[in-house]
Amino acid sequence: MSLLELENVEFKYHGQTEPALKDINLTVDKGEFVAIIGANGSGKSTLAKLLNVLLRPDKGDILVENINTKNKKQIWEIRKNVGMVFQNPDNQIVATMVEDDVAFGLENIAVPSEEIRERVDHALELVGLTGYETHETHKLSGGQKQRLAIAGIIAMEPSCIVLDEPTAMLDPQGRKEVIETIDFLNKEKDITIILITHFMEEASIADKVYVMNKGKIESQGPPAEVFEEIDYLRSINLDVPAVMEVANGLKSKGMKIPEILTIDGLVDALC
Amino acid sequence: MLTDITIGQYVHGDSVVHVLDPRIKIIITIILITSLFLIGNFWGFAIFLSFNLVVIKISNLPFKKVLKGLKPIVFLVLLTVILHIFMTRGGEVLFQWKFIRIESEGLYTGTFMASRILLLIMFTSLLTLTTSPLQLTDGIEYILKPLKKIGVPASEISMMMTIALRFIPTLMEEAEKIMKAQKARGADFESGNLIQRAKNLIPLLVPLFISAFRRADELALAMESRCYQGGKKRTRLHIMNINRRDITALILAIALAVVVSFF
């Protein structure tokens, strides 16, 4: 049984003529790491909001652990199961102190106080923020803030985490911290991840990639396969990482190298 | 840097006064302030002042900081004294020059009122000096709880206060950024008269407001996706416990209030 199932989903924003999403079919299994990539305006953030019932589809169905998001009575049940991390680290932190912010979601779903303490400590440990419990949230770096947001979500023990461009506003260091955290949570803790991004490098660590353009899923498959179509990806305004360009160039010149997705991979292949 | 400001005037510490339950501290403050208005002569004030000094001593507060907190009201105090000296009539005439006349009653009432205001501000500032804003909001929420029955949204009020506190540094930072950006475009925030300067703030305030609204929108989404449902029953990470120490402090405060009210 799949964790998330989208069937022929269509969604149009109020007052717009063109639907933001058309004919979306997508399934995510437990423990999977799925990346959704697309340029600005491709509908990927809209898709994220549909998963969390911040929006409801006009047509088609979205099933989260077999609950249809059209079911108004179960909306909090779904939100508990689909944790969301947003782009702007500042605009999703509610509390002044780190531990209070992690506890926010748990307080909302009325978890008993002793259990909140345990879960907060555990979540902070998973994202590597142990020792920061009583720090002020606005003094954290961008990467730390985003990891704090992730901690706030995993403390609620959702069945999957949707991250909507979590690294878009971070510096390279913060970006690395966040991606490593996500990767750790998926590989070591078996947490289902749906990463929405326009950085192909980040998507390359996923199990499966969906490419979105103009509200449609145009391509899907394992990253190595999807990223082979460099010309197509460039045509839909995605930045192709330099590594892939180099690897592709070498390949077209007749060099025999395997599928390359990371700088380390390229170094290994060449040296 | 604008961002270096501390919110409120809380001085971190771990004295007995600091660790008292915030609810008890708020109630004690209310009781003693009420008693301050019942005091009838300077002996009462003397006792109250010595109590104040003892509290400052045990909470390890720098005395200078407490005095600094009185600065903004100096003008008000002086005005009170002056008005009373020249306007209040009664008692012996102490000084007369043409139409200006000072009588003993005026001098007495003036200093009496001034002492009352100074003690009032000094004592309430002890509450904010020894209680973090976060604890204060928590305390206020609990105290307002009984009013929920008559429709006062106590938990929403406390959530609003928490979020306001949380966003002060963020918005400060933003204001600073916008100011720099506008200065780079030739905006002038420093010269001109008062009206001119107020007008010059428009290029700062408009972007700041727009961004604050955008933030509010995003924050609301983030809160909703973390299952925030307004005043619905929530649990807390930190539970406030009233122990023997708090009860003792409360009894002491009530005793003091009764004693000084007799003066």
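How many residues of domain 1 of chain B are in contact with residues of domain 2 of chain B? In the predicted model, 11 residues of domain 1 of chain B touch 12 residues of domain 2 of chain B, contact being defined as heavy atoms within 4.5 Å. Local features of this predicted model were taken at pLDDT of at least 70 and side-chain atom pairs at pLDDT 80 or more, whereas totals for chains, interfaces and linings use all residues. Residues are numbered from 1 along each chain as its sequence is written, chains are lettered from A and ligands numbered from 1 in the order in which they are written, and side-chain values use heavy atoms, with hydrogens and water left out.

Domain 1 of chain B comprises 2–146 + 241–261, and domain 2 comprises 154–225; these bounds come from an automatic or database domain assignment. The centres of the two domains, taken over C-alpha atoms, are separated by 33 Å. Between them, domain 1 and domain 2 of chain B bury about 1100 Å², with 81% of this on carbon and sulfur atoms. Buried area is the accessible area (1.4 Å probe) that two parts lose on being put together, summed over both. On the side of domain 1 of chain B that touches domain 2, seven residues are nonpolar, two polar and two charged. In this classification Ala, Val, Leu, Ile, Met, Phe, Trp, Tyr, Cys and Pro are nonpolar, Asp, Glu, Lys and Arg are charged, and the others, Gly among them, are polar. Zero salt bridges were counted between the two domains of chain B, a salt bridge being a side-chain nitrogen of Lys or Arg within 4 Å of a carboxyl oxygen of Asp or Glu. One residue pair, both at pLDDT 80 or more, is in polar contact between these domains. A polar contact is a pair of N or O atoms within 3.5 Å; within protein, one must be able to donate a hydrogen and the other to accept it, and residues adjacent in sequence count only if both atoms are side-chain atoms.

Between the chains, 28 residues of chain B are in contact with 38 residues of chain A. Chain B and chain A bury about 3100 Å² between them, 55% of it on carbon and sulfur atoms. Of the area that chain B buries against chain A, 28% is supplied by B:Arg166, B:Arg226 and B:Leu237, more than by any other three residues. Five salt bridges cross the interface of chain B and chain A. B:Arg166 forms a salt bridge with A:Asp90, in which the closest N and O atoms are 3.9 Å apart. There are also 17 residue pairs in polar contact between chain B and chain A, both residues at pLDDT 80 or more. Helix H8 (154–184) and helix H10 (202–225) of chain B each contribute at least two residues to the side that touches chain A. That side of chain B consists of 14 nonpolar, six polar and eight charged residues. Helices (H or I, at least four residues) and strands (E, at least two) are DSSP runs, numbered from the N terminus.

Chain A contains an open sheet of four strands in the order E2-E1-E4-E5, with antiparallel pairing; two strands pair if DSSP finds at least two bridges between them. Strand E2 (21–28) and strand E5 (67–68) of chain A are the edge strands, each pairing on one side only. Strand E1 (residues 4–11) of chain A is joined to E2(A) by five bridges, with A:Leu4 opposite A:Val28. Five bridges also join E1(A) to E4(A), where A:Glu7 is partnered by A:Asp61. Two bridges link strand E4 (residues 59–64) of chain A to E5(A), and A:Val64 has A:Ile67 as its bridge partner.
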